[in-house]
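Morning, everyone. Let me put the structure up, and then we'll go through a few points.

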Amino acid sequence: MREECVDLVPQTFRLHCVGKESEENKNSSALSAGNSGTSAVDEEQSLVDDSSLCSTSPIGSAPLCRQFWKAGSYDDTLSTKPSLQKGANYLHIHPKFLHSNATSHKWAFGAIAELLDNAIDEIENGATVVIVDKILNPRDGSSALCIQDDGGGMDPEAMRRCLSFGFSDKKSDSAIGQYGNGFKTSSMRLGADVIVFSRCKKNRKLTQSVGLLSYTFLTQTGHDRIVVPMLDYEFNTQSNMWDKLSNTQCINNLPLLLRWSPYSTEAELLKQFDDVGQHGTKVIIFSLWYTDDGQMELDFESDPEDIRISEVANTNKKSARMMVASEQHLANRLRFSLRAYLSILYLRVPENFCMMLRGKCVQYHSIANDLKFPEFILYKPQSGGCKEGTVVTAIGFLKEAPLVNIHGFNVYHKNRLILPFWHVVSYSDSRGRGVVGVLEANFIQPTHNKQDFEKTPVFQKLESRLKEMTREYWDYHCQLIGYQPRKARAMTFQASSDSGKNDGIYQPVQLTRDDLASDCNLQKGAPSKRKESNHLVEPDRVRRKVGIGANATVCNQENLRAGAATDELKSGEAANLIQENRKLQAQCLEFEKTVEELNLKAARLRVDLGEARREHSRLLAEFKLVEKVKEEKSNAH
């Protein structure tokens with residue numbers, strides 16, 4: 001489906017309305033968003049005179065309230081009660097639902113990520129690039145957000161499902177989207193209006209569709225249901241023209257699109273397909289929301305190569321010299337910088353795929369490559385006695401530690417970041433400072449806004465395991481970066497009721513890190529949770545805790561003997577052993593430093609290689625675009 005069809009797309013569109021659709025198609029079209037079909041007017045008599053909307057007069061003013069969190073109500077006195085079609089056994093969806101549905105996104109970047117997920121899912125259909133940029137609304141010169149990909153696109157039927165609620169074509173296990181609701185929630189969270197252009201080649205037919213979901217239109221006209229004006233075209237290879245696929249209400253949709261979209265003529269409307277190519281989708285969100293301070297929520301001005309969130313960015317306007325290392329770190333920048341957020345949004349990105357933000361490719365960033373002294377721990381979550389899957393967690397100290405006070409786990413689901421730098425331990429707990437982890441947890445389900453997980457028992461078990469993993473790692477490695485381990489920790493060894501000695505309770509034993517490094521489990525050959533960084537271990541099967549019953553008795557005896565042996569440390573032989581141990585530790589640190597330097601060098605080389613490949617993809621795309629323009633010009637002559 002990648003062959004060029006530029007010759008089928010002439011510069012000037014000649015439009016025809018082909019024959020009326022069958023009664024079956026009419027009925028299926030009624031399943032469009034809000035049961036409005038593809039038309040802006042139902043077959044019943046509307047409570048609003050739609051004929052007054054079918055003009056090309058200038059667009060009406062946007063809702064009086066331009067703040068998203070205050071825009072959920074409007075005066076709809078024109079239709080205070082839902083009007084049901086005679087004999088219909090379905091319910092209408094009120095326009096207010098568009099706003100209430102969008103409140104699931106508390107964070108604007110989360111809404112943008114939802115739209116990018118659709119482009120990522122199109123990689124299997126040939127998508128190589130997704131473009132995120134600012135454009136100007138030709139109506140009033142205001143800023144609008146454009147998100148465009150070169151995926152397979154949507155045919156008219158798929159476009160209707162996209163603009164409806166609960167319909168999803170994504171059957172692949174690897175697809176991120178699944179609920180059929182993300183496009184509506186995300187677009188309405190970013191702005192009051194969105195227009196979609198999509199071109200698709202399917203079953204040897206080249207089609208293109210335009211759909212408008214406009215909160216402004218619905219609120220200002222007092223509609224009591226969601227109405228979605230749409231237009232569909234099919235390319236006629238015999239006449240070399242685009243034929244307009246229409247129903248009996250075709251005459252109403254075009255005037256509505258021309259009045260309430262950013263484009264006042266049909267030529268301007270269809271010109272938006274010029275850069276879509278043979279297949280792809282372009283989403284333009286306009287009437288963008290403002291903050292309570294009267295500023296646009298998405299800040300396009302502070303950085304010409306980035307999109308920022310105004311309110312958060314304004315709190316971070318300190319100069320770089322005055323900002324501490326923690327404030328400059330990616331974990332904090334991603335809250336207000338879209339470029340920073342997109343750099344870690346996906347765990348894996350194909351080498352031939354590029355995310356373009358404001359005309360510049362987003363540099364993919366692997367958090368796992370930022371870790372010092374990394375380890376990889378295997379975890380097999382279970383629920384109801386059944387294994388849910390296998391998870392490998394990379395854990396280590398940030399390369400900036402101990403200068404930065406950042407910690408947490410980056411949890412991905414089906415390649416998509418859900419929880420960035422999730423604090424499983426609090427900042428008040430020093431055990432865990434600087435410890436960061438990365439894992440892909442496909443065995444738990446994300447919430448609808450993909451910014452959290454459902455709080456199921458399996459999720460709670462994962463949280464407990466990660467908390468345990470953090471503290472264990474910190475205890476064993478904290479001194480490698482300058483932190484002092486806790487010098488004394490009391491541990492109470494409790495025997496089982498079968499032992500019958502001292503009621504199963506033993507006196508607390510004071511342990512240091514050296515004691516832990518050589519505790520009785522290791523002396524007896526028991527497996528440990530922790531191994532070298534390139535080994536995987538099963539944490540549920542092996543515990544770095546002193547056993548109970550007979551094992552506890554043995555451990556207690558070993559610890560007592562170790563305490564009695566402290567007097568021998570004064571001997572010359574013990575001193576020599578200690579000195580030799582220190583030499584070995586110094587050598588170990590040197591080796592670890594060398595490994596770290598080699599890992600950083602390898603990471604930089606991978607980054608350079610990825611950048612070169614993305615630059616090659618970009619140049620190749622520009623070359624194809626130039627060739628297409630040349631071919632169009634030659635065909636025009």
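Is Cys-478 buried or exposed? One caution before the answer: this is a predicted model. Cys-478 has 0% relative accessibility, so Cys-478 counts as buried. The cut-off for buried is under 20%.

Next, Cys-162. Its relative accessibility is 17%. That is under 20%, so Cys-162 counts as buried too.

What about disulfides? A search of the whole structure finds zero.

Cys-162 takes us to helix H4, where it is one of the buried residues. H4 covers residues 156-163. How many of its eight residues are buried? Six, and the helix is mostly covered. Here they are: Pro-156, Ala-158, Met-159, Arg-160, Cys-162 and Leu-163. Note that Arg-160 is on that list of buried residues.

Now a helix pair. Helix H3 runs over residues 108-121, and helix H5 over residues 182-190. They pack at an angle of about 140°, and their axes are 8 Å apart. The crossing of H3 past H5 is left-handed.

Which residues meet there? From H3, we have Ala-108, Ala-111, Ile-112, Glu-114 and Leu-115. From H5, we have Gly-182, Phe-183, Ser-186, Arg-189 and Leu-190. By type, this contact has six nonpolar residues, two polar and two charged.

That's the tour. Questions, please.

Methods:
Residues numbered from 1 in each chain as written. Predicted model: local features only at pLDDT ≥ 70, side-chain atom pairs only at ≥ 80, totals over all residues. Heavy atoms only, no water. Disulfide = S-S within 2.5 Å. Buried < 20%, exposed > 50% of the residue type's maximum accessible area, 1.4 Å probe, protein only. Axes fitted to C-alpha atoms, helices over the stretch in contact; angles between N-to-C directions. Helix = DSSP H or I, 4+ residues; strand = E, 2+ residues; numbered from the N terminus. Left-handed = near helix turned anticlockwise from the far one by under 90°. Contact = heavy atoms within 4.5 Å. Nonpolar A, V, L, I, M, F, W, Y, C, P; charged D, E, K, R; others polar.
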